[in-house]
Amino acid sequence: MRVRRRSAIALLALAALAAAVAWAATELTPFGTPSGPADAVVRTLVHERHAANTVNGVTYDLRGLDTLGEELILFVAALGSAVLLRHGRGERDAGERAEARPSGRTADALRAAGAALVGPLVVLGVYVVVHGHLSPGGGFQGGVILAAGLLLVYAAGQVAMLERVEPRALVEVAEASGALAFALVAIGGLVFAGAALANFLPFGTTGNLLSAGTIPVLSVAVGVEVTGAVALILTELLDQTLLAGSA
Amino acid sequence: MTVLHVVALAVVAVGGTTVVLVRDPVRQALAASVFGLALALLFFAFQAPDVAISQIVVATVAVPVMILLTLTKLRRDEDEERRR
């Protein structure tokens, strides 16, 4: 009885939400016709900042301070999960951990596919990070792709290898230095242009790899930070499952 | 609104419902990642490639892997509890 009443209320609320969303959608502007503020933003970014990808122009320039906050959220989140997960870790060293998982269990096809994909995925990740101001993508997306490349090394069954290509200390340093680089660029804007995160570097020619001032610099900083953060969370989680398996 | 938009919206609606109706957590994680991919295609169809790339990397790489690793850990802990 109570369940039925509860689902009736839920259905009613969902129907009301669907109606409201449908109503709001009728008022949207059509595709390809930016009007009002959107048009002004596109003009500023393309003509003044020389950023071909206006989405990253907004995230790394016009609202750079919000992005700094978001970056620090990810930094603290990764740090927090690492602290929590390490709390339960025993006193095993890296060598013992590598042996915790029997290497024969991974299928050959999976190992081959994983090993073959690592290289292309890392190249794609770097490409997406450094072309953030030119084409869709940027630091966050490229960073997660790079972390996925590291994860593939694990999927290919090379746990011992993972420790070698992705030492824990390097992951932590990458996370911290990415966050630090973003903060330094923010201070750079304060020093050279009078406002935090002001775009103080030369803008160059639209479409060149080195253009749009600080936007590609911030994109690379975020890329390094996100790679470190996601890789840190995933390695700590992997560590837990590996340890539990041998206990 | 083209056929592509209608198809993408329908696939997302079906996918989202599937994720809710699947009860086994492991299957749910996989269903959620397929649903995330459908959502990414929807974003592409609606001309938002930046969001679509974020959606692909988060929904098909980061989230399912974290959920599966957590489930593995929880199940192993349960097994150990039972053995004791």
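The secondary structure of chain A comes to ten helices and zero strands, where helices (H or I, at least four residues) and strands (E, at least two) are DSSP runs, numbered from the N terminus. This is a predicted model, in which local features need pLDDT of at least 70, side-chain atom pairs count only at pLDDT 80 or more, and totals for chains, interfaces and linings use all residues. Residues are numbered from 1 along each chain as its sequence is written, while chains are lettered from A and ligands numbered from 1 in the order in which they are written.

## Exercise 1: Chain A as a whole

Step 1. A residue is buried if 20 or more other C-beta atoms lie within 10 Å of its own, exposed if 12 or fewer, and partly exposed in between, with C-beta atoms placed from the backbone.
Step 2. Two residues are in contact if their C-beta atoms, placed from the backbone, lie within 7 Å. Among the contacts in chain A with a separation of 6 or more, 75% join residues 24 or more positions apart.

## Exercise 2: Helices 4 and 9 of chain A

Task: Describe how helix 4 and helix 9 of chain A pack, and name residues that meet.

Solution. Step 1. Two packed helices are described by the angle between their axes and the distance between the axes. Axes are lines fitted to C-alpha atoms, for helices over the stretch in contact, and angles run from 0 to 180 degrees between N-to-C directions.
Step 1. Helix 4 (residues 64-87) and helix 9 (residues 168-192) of chain A pack at about 160°, with axes 10 Å apart. Helix 4 of chain A is therefore roughly antiparallel to helix 9 of chain A. Angles under 35 degrees count as roughly parallel, over 145 as roughly antiparallel, 65 to 115 as roughly perpendicular and the rest as oblique.
Step 2. The crossing of these two helices is left-handed. A crossing is left-handed if the near helix is turned anticlockwise from the far one by less than a right angle, and right-handed if clockwise.
Step 3. A:Leu68, A:Glu71, A:Leu72, A:Phe75 and A:Ala78 in helix 4 meet A:Glu175, A:Ala179, A:Phe182 and A:Ala186 in helix 9.
Step 4. By class, this contact of helix 4 with helix 9 of chain A has seven nonpolar, no polar and two charged residues. Ala, Val, Leu, Ile, Met, Phe, Trp, Tyr, Cys and Pro count as nonpolar, Asp, Glu, Lys and Arg as charged, and the others, Gly among them, as polar.

## Exercise 3: Where the chains meet

Task: Count the residues in contact between the chains, then describe how helix 7 of chain A packs with helix 3 of chain B.

Solution. Step 1. 18 residues of chain B are in contact with 19 residues of chain A. The side of chain B that touches chain A has nine nonpolar, four polar and five charged residues.
Step 1. Helix 7 of chain A and helix 3 of chain B pack at about 35°, with axes 9 Å apart. Their crossing is left-handed.
Step 2. Residues of this contact include A:Val144 and A:Leu151 of helix 7 of chain A, and B:Val61 and B:Val65 of helix 3 of chain B. The contact divides into eleven nonpolar, two polar and no charged residues.

## Exercise 4: The largest nonpolar core

Task: Which residues have the most contacts inside the largest nonpolar core?

Solution. Step 1. A nonpolar core is a set of buried Ala, Val, Leu, Ile, Met, Phe, Trp, Tyr and Cys residues joined through C-beta atoms within 7 Å.
Step 1. The largest such core has 58 residues, and A:Val144, A:Ala147 and A:Leu234 have the most contacts inside it.
Step 2. The elements that give two or more residues to this core include helix 7 (139-155) and helix 10 (214-246) of chain A and helix 3 (49-83) of chain B. Helix 10 of chain A gives the largest share, 16 residues.
Step 3. Leaving aside its neighbours within four places in sequence, A:Leu234 is in contact with A:Ala147, A:Leu151 and B:Val65.
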